[in-house]
Amino acid sequence: MARRRKRHRAKVAIDEANKRPTLPYSSHAPVNVVQQSLLSRFYPEVLTLREYLLVKLPSNSRIRRKKVLTAGRRDRDQSDRETAIDDADSLGPFLDSTLVGIPHHNPQSEQRTTRWNSFTNQADLSGLDATVTSIDLGHSQSEIVDFAVWLLFNNSTRENTSIKHLLCQGFSKIPSAGRMDANNAAVRRLVPVFPNKHFDELKLDPWPQVLGLLGKGGDRVMIDLLVDCGIFLAAGNGRGNYYQICGMYLHAEAREVTEFERQFGLHNVFDSVVDFRETVHPFKDYTLREDEIRRLPPNHKGASSTRIPRRLRGPLVSLVRKLQILHERCPYGQLVAHYCPSNALATFPQPSNDDASRNFRTQKSTPGSHNGTGPTLVHLPKKPKKDSIMELATPSANVSAFCRAVLGRVIPDEFFGTGEDQAHNIQVLMRNVDRFIELRRFETISLHDVTQGMKISTVPWLNSENINSSQPDTRKKWDMFYEFMYYIFDSLIIPLIRCNFHVTESGVHRYRIFFFRQDVWRNLAEPAMTSLKLAMFEEVDINIANSVLDSRTIGFSQIRLLPKEKGVRPILNLRRRQLRRDSKRSLGPSINSTLAPVYNMLTFEKNLSPAKFGSTLFSVGDLYNKIKKFAEAIKPVSNLYFCKVDVQSAFDTIPQAAVVKLISALPTSDEYQISKHVEVKPGDGYRHGQAKPIRKWTSLARAAGDQPFDLMTNGKNTIFTENLAVQSHSKDQLLSLLSEHVQRNLVKIGKKFYRQKKGIPQGSVISSLLCNYFYADLEAKHLSFLNPDGSLLLRLIDDFLLITIDPEHGRRFIQTMHDGLPEYGVSVNPEKTLVNFETSINGQKVKRLVKGKEFPYCGTFINTNTLHISKDRERHKDLAVVDSLTVEFSKTPGKTFHRKVLNSFKIQCHAMFMDTTFNSPTVVARNIFESFVECANKMCAYTRCLPTQKQPGADIIIRTIVGLVDLAFLLIKSKEKNPKNLAYRCAISKTEIRWLALRAFHSVLKPQQSRYREEMMWLDDQLQPWAARRG
């Protein structure tokens, strides 16, 4: 019997090379979040570079496929290693870590090969074999990169246009430009404008080695890779970050559009592209369309209208005419008076000129700080006095009733069908109108939700006897009905509310929306605006204002009033884009966008020399490390003295000339370079495949000559794409722009222009930095008596806190601040001053902390004996939990509910509350428990806001609680890895965290146990072991 011939190992390797490559996110490999949850949103297929090369190579090219498969892998025998090119060990990880995003399949014609041969002036340069040297490979790779750039520009027919491809950054298409040599990094008809490091990087190692692996025909594979695909290099920090070096910019996810024809050639929401040069909203405003209709091209009869399509003729035309007639006959004024009656017309008293800035300013009002009688409300007889301005707002239920009454009068019922389907569709619409009115800030309702449950089979204007009810026809009917429903909300309900109500949020109730009747709001706003003009602004002649605006890049700002409990707060909107001076449709940059280089320069100087900003806290989290260091420095100490003061109207009282003069000494360089990059990371719900990617543009400044920043030191599972166009600004240009903004800030109120004559603009992107640097100079000159070894001075914008071991320092600090510092515009509000010891200023006792030992400061409680930190939950105890929520009515309510509950704990998990090396274990346990209680309260409120059919069941809530415990433990322990948290450690075990969570949810759900019966049974069962142990 003949022996069976042994199979050669090389043959095994070749067969393996011909197999479909194993994906890196298989069950045996760690999950690549960027590949699965981020790049998959922009590309239909994402592969590693090794997988991409194997896919592109022909299946009969066994030798080349074997080279690609075995490059850099150490599990091959010696004979296999001899076939690999040099540096294969380093090439292997590069092939496996680099990701390639492949766009939709677009087969290339032979024209690209012809262009490539013509570009190189040779018949074929693709015959690469094992004898090719590294110099030849480098030359070929350089030619390929040059050709890729040339081809991308050549595909664009317009001259002097920018191509949104990373390889094309820094090049300009000039018809008269000839081909320059390679040393100048130029290709045919292209000239370099600024350096492109991606262009140079793709010519260097290891890319020539990759080209060498491909052998014959590899040039065409490399060209397709550079021209068509996106290339993302892995960062070496182990945090899952990637850096894009080739491909188109990562745009926002394409929106699914409905196949709706542009029936009349007008812009529509379904398949038209929104021009963001004309609007900042995701959808265009269709309220006024007369200009767009006039711009339509005339038809063959010379009229500026188009023929009505056959599908829309017949009953629909008569229904539209009936709608127009009903609109003209609708008594809108009587309906709003009936459904939204005005019980009172509120007015503010006219304050004097001296007191105007104190009554109406951009900071919070202060009880007891007004002169005279203070603001009062005038009511009709026999009406009780209103305690809050928000009580003058019309309830949302009344607004909803008014809108539903108008729709019932204006829209003919035949639009919604006949018989029972008509009544059902109208009921669904009215219910969704009510939902729309009740939405909080940032909440949305989709067209899918609005039409969910409606029936269109009996809608007469959608159905025609001459058209078969095929699947495409049914889809077309739904498309037309979608547009009709969008018209109801976009062009009827929203303009109706806008005409009759002033819609705004408040300064107290977080995300809740208030509806003020226009006449009520006018009586509230006019006196406040008049006083504001007298106190803070001076009128500017219209011709002078136009001349100033034409001569500078900074536009004008607009003002709006935000209602508070006892007054209104003026807000300058500096983020709003205004129409360009030379255009009637295009929007220019906002004031904050124009000031971005100044902000970047100030931020760079802040990071370079934080000591120049004195005791500034740039966030509440900075409180943690400063107090922790101070506690270690003064140990042991018996008594600590706390003093808190609040500067009155800080932004409105800072002298303009003084702050401009002071800030001119801050820059340390004569020239600054501003670079931009975009960070794209998965949304919160990426694990469930439902969250859209989050895009963030970031600008960084550096002194001229400094090395660029390493972008990928921060973040996790993030893609960084750099804009290689670096802007240079001189110090004089930036300071001139800052001075222009501070000293000549123009505000448009009505049709008139005003200049802000006092203070710095609140709402400006640079105001906080200016205020912090200005008050740091105050500290250096007037508070230098504080001993840094025994005193800690903290300041968050204008809120000062002094912790000292010397009571005399505390009294002197209080005296200095209360005496006022006119050169800094500083005056202290006595009502907000608080101490924890007996003292008096000018014969008046200072308000003292009486109950407990927890000193409130910026949303936290600081223990006056131990300096332990906990969260201040008292100041928001009267705020309804539901006002702090943003409910998502998504198609996956269970997953969204799970994510929202987990996120409610994330925002509370700060290191200063969880550190057992600083706080006592009892304090940390209480902080964790209170955080879980807040999560449980938000969970119950969120559940009540959902429709009945979308409310989560007991199994989802139980899984959410279990997931919350796991997340809490990971978040608390992960704080140890953050280098900013010095010596952080939390000694609370996972078992203890689990017990705290169970007890918190048990205490919240127990009063509602009829609603959460199964959840309570599960909680009791889980708590039983601890109860038995305690017993």
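**Entry on the model.** I am working with a predicted model, in which local features need pLDDT of at least 70 and side-chain atom pairs count only at pLDDT 80 or more, while totals for chains, interfaces and linings use all residues. I number residues from 1 along each chain as its sequence is written, and the side-chain values use heavy atoms, with hydrogens and water left out.

**Entry on aromatic pairs.** I searched the whole structure and found 31 aromatic pairs, where rings of Phe, Tyr and Trp (its six-membered ring) pair if their centres lie within 6.5 Å, and planes under 30 degrees apart count as stacked, over 60 as edge-to-face and the rest as tilted. I looked up Phe516 and Trp521, whose ring centres are 5.2 Å apart with the planes at 50°, so this pair is tilted. Phe516 has 0% relative accessibility and counts as buried, and Trp521 is buried too, at 9%; buried means under 20% relative accessible area, exposed over 50% and partly exposed in between, with a 1.4 Å probe and protein chains only.

I then turned to Phe800 and Phe813, a tilted pair with 6.5 Å from centre to centre and 55° between the planes. Phe800 is buried at 1%, and Phe813 is buried at 0%.

I also noted one aromatic cluster, formed by Phe415, Phe416, Trp461, Trp478, Phe481, Tyr482 and Phe484.

**Entry on the sheet.** I followed three strands that form an open, antiparallel sheet in the order E23-E24-E25; two strands pair if DSSP finds at least two bridges between them. Strand E23 (854–857) and strand E25 (869–871) stand at the edges with a single partner strand each, so one side of each has no neighbour in the sheet. Neighbouring strands are turned by 35° against each other on average, direction ignored. Strand E24 (residues 860–863) is joined to E25 by three bridges, and Ile862 stands opposite Ile869 in E25.

Helix H24 (residues 622–633) packs on this sheet and touches E23, E24 and E25, its direction making about 5° with that of E24. Contact means heavy atoms within 4.5 Å, and axes are lines fitted to C-alpha atoms, for helices over the stretch in contact, with angles from 0 to 180 degrees between N-to-C directions.

Note on methods: Helix = DSSP H or I, 4+ residues; strand = E, 2+ residues; numbered from the N terminus.
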